[in-house]
Amino acid sequence: MTRPVAAFDMDLIRRYEVNGPRYTSYPTANLFRDDFDPSIYEAALAERAHASLSIYVHVPFCATVCYYCACNRIITNNRRHAVGYLQRLKREIALVRERLSDSHRVEQLHFGGGTPTYLDDAQLGDLFAVLRDHFRFGDEADSDISIEIDPRTVDAARIEHLARLGINRMSLGVQDFDPHVQAAVNRRQSAEDTRAVMEAARGSGVRSLSVDLIYGLPLQTRERFAVTLDTVIALNPDRISLYSYAHLPGRFKTQRQIQLMDLPNAETKLLLLQMAVERFSAAGYVYIGMDHFARPDDSLARAQAAHRLHRNFQGYTTHGHCDLIGLGVSAISQVGTVYAQNCKALDAYTERLDRGQLAVERGLIMTADDQIRRDLILELMCHFRVDTVDFSRRHGIDFAGYFAAALARLKVMAEDDLVELKADTIIVTRRGRFLIRNVCMAFDAHLAPGTQGFSKAI
């Protein structure tokens, strides 16, 4: 039987309902510098060419708009736009490959968007061929090759084609099955269609299926969301991603289609998350943390148990030892201590590549302090505890002195039963896991007052 999670009172919710990062990186992407020299990234590629690689390919196109979306995407039904984009993407692949030695090995390849299945079978097949011609891939059994799928864009034949290309993991966008919520966000998708896609994937030998949900969407209630949760559990995916909706209409124009009065308040959002954790846990899923659930035999759950879990721009991952190479408009790379982001605008991305240059326009080199704090924040995000003695030894610091200001902030959280502060350990409590972003913010040396560029932590 699942243990109940401690309740949150409204006073506590008000105090912790602040803006803050999701910590898919540290320092966070808003701190990347516009005057970053792309040659720094090129040098990093050359110096660490022997490393194992994780490659992310961004496909920005969508045929229809989902009002909640905050991704870098282009809404168009004109499929010809993809032709020119793929030409530039191939140029970028070639330019990156020129800077790598033959000793690299690709362990992970992920297609995100946008909607990667916006591309037709021939385009995806050609893109795979180019990637395999330019990069050295590891053994198929040891490689994770995944793609994000809009179930409305595929059928059984397309799923079979993707599996033949070598894709062994698929992530299906769902968000919510309730028809009222779907209408409010302009995404209508039946459970039957989603089930058919999942059955086709399993029949084609795809070894891992994930379902993406969002809590905090307009018109969501506990009763409606409970039905969605039960429907997802019946679909029996290997993984579930449950993201908090970030309402930032000032940055994302399509979110202005969402009525503020229709959004659940902070208390309701927390209750939706709590309910999801309890229901998924009762169904046998491991709560990996923040926004991920996995079956106990899934590689994410095993990595967390073995203290090998990692977090990056793709969320939680088992490939933390890999350098990350981002390909496509707005894609972000991390090679060693260097972050580099491609041009966010398609015109600028195209122009750079047409000049024979990498499309990098922003980036950052981590300082020694950044690396220490990044390691600590990752420990908290992935494992919810830090052995302060071991951490001090690994980084050559006195933990209490180095993080004195952060520990003072954590004392307040300890009084609220979010963390336990022991002589040699920091432990995030069961209820503190719901506010893990707030806990990590205590260690963020770059966080500006107000943090208006980020979403609410609740």
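# Close-up views of a predicted model

**View 1. Helix 12 is the top contributor to the second largest pocket.** With six residues, helix 12 gives the most to the lining of this pocket. Keep in mind that this is a predicted model. The second largest pocket has a volume of about 440 Å³. Its lining takes in 23 residues, and the closest to the centre are His-310, Gly-320, His-321, Arg-374 and Leu-378. Helix 12 (368-383) is one of the elements that give two or more residues to the lining, along with strand 11 (310-312) and strand 13 (323-327). Sorted by class, the lining has twelve polar, six charged and five nonpolar residues.

**View 2. The second largest cavity also draws on strand 11 and helix 12.** Each of these two elements supplies at least two residues of the cavity lining. The space inside comes to about 70 Å³. A run from Tyr-23 through Thr-24 and Ser-25 to Tyr-26 is part of the lining, as are His-310, Arg-311 and Asn-312. Gln-334, Tyr-339, Arg-374, Ile-377 and Leu-378 line the cavity too. By class, that gives five nonpolar, five polar and two charged residues. His-310, Arg-374 and Leu-378 are also among the residues closest to the centre of the second largest pocket.

View 3. Tyr-26, one of the residues lining the second largest cavity, is joined to Pro-27 by a cis bond with omega near -10 degrees. Pro-27 lies in the loop between helix 1 (10-16) and helix 2 (38-47). For background, most peptide bonds are trans. A cis bond also turns up from Gly-113 to Gly-114, with omega near 15 degrees. Gly-114 lies in the loop that runs between strand 4 (105-113) and helix 4 (121-134).

**View 4. The largest cavity has a mostly nonpolar lining, with ten nonpolar, one polar and three charged residues.** The structure holds four cavities of 30 Å³ or more, and about 120 Å³ of space lies in the largest. The cavity is lined by 14 residues, and those nearest its centre are Tyr-215, Ser-244, Met-290, Arg-437 and Ala-457. Strand 8 (239-244) and helix 16 (436-441) each supply at least two lining residues. Strand 8 has the largest share, with three residues.

**View 5. Ser-210 sits in strand 7 (residues 208-215).** Is this serine buried or exposed? Its relative accessibility is 10%, so Ser-210 counts as buried, the cut-off being under 20%. Setting aside neighbours within four places in sequence, Ser-210 is in contact with Met-170, Ser-171 and Leu-172, and also with Arg-239, Ile-240 and Ser-241.

**View 6. Helix 11 (residues 346-354) has Tyr-349, Thr-350 and Leu-353 as its buried residues.** Looking down the axis of helix 11, these residues fall within an arc of 95 degrees, so they line one face of the helix. The general rule behind such a pattern is that an α-helix has 3.6 residues a turn, so residues three or four places apart point the same way. The buried residues of helix 11 pack against helix 3 (81-98) and strand 15 (338-342). Just after helix 11, Gly-356 takes a positive phi of about 80 degrees.

**View 7. Tyr-287 and Phe-293 form one of 14 aromatic pairs.** Why does this pair count as stacked? The ring centres are 5.0 Å apart and the planes meet at 25 degrees, so the pair is stacked, given that the cut-off for stacking is under 30 degrees. Tyr-287 and Phe-293 are both buried. Elsewhere, ring pairs link Phe-391, Phe-399, Tyr-402, Phe-403 and Phe-443 into a cluster.

**View 8. Asn-236 and Ser-330 have positive phi values without being glycines.** Most residues other than glycine have a negative phi. For Asn-236, phi is near 60 degrees. Asn-236 is found in the loop between helix 8 (222-235) and strand 8, and at 38% relative accessibility it counts as partly exposed. Ser-330 has a phi of about 70 degrees. Ser-330 belongs to the loop between strand 13 and strand 14 (332-335), and its 13% relative accessibility makes it buried.

**View 9. Glu-199 is found in helix 7 (residues 191-203).** At 51% relative accessibility, Glu-199 counts as exposed. Leu-235 is 36 residues away along the chain, and the C-alpha atoms of Glu-199 and Leu-235 are separated by 9.3 Å.

Key
Residues are numbered from 1 along each chain as its sequence is written. This is a predicted model: local features need pLDDT of at least 70, side-chain atom pairs count only at pLDDT 80 or more; totals for chains, interfaces and linings use all residues. Side-chain values use heavy atoms; hydrogens and water are left out. On a 1 Å grid over the protein atoms alone, a cavity is a set of points where a 1.4 Å probe fits but cannot get out, and a pocket is an open set with protein on both sides within 12 Å along at least five of seven lines; lining residues have an atom within 4 Å of a point. Grid points are joined across faces, edges and corners, and a volume is the space filled by probe spheres set on the points. Helices (H or I, at least four residues) and strands (E, at least two) are DSSP runs, numbered from the N terminus. Ala, Val, Leu, Ile, Met, Phe, Trp, Tyr, Cys and Pro count as nonpolar, Asp, Glu, Lys and Arg as charged, and the others, Gly among them, as polar. Buried means under 20% relative accessible area, exposed over 50%, partly exposed in between (1.4 Å probe, protein chains only). The arc is that of the directions from the helix axis to the C-beta atoms. Contact means heavy atoms within 4.5 Å. Rings of Phe, Tyr and Trp (its six-membered ring) pair if their centres lie within 6.5 Å; planes under 30 degrees apart count as stacked, over 60 as edge-to-face and the rest as tilted.
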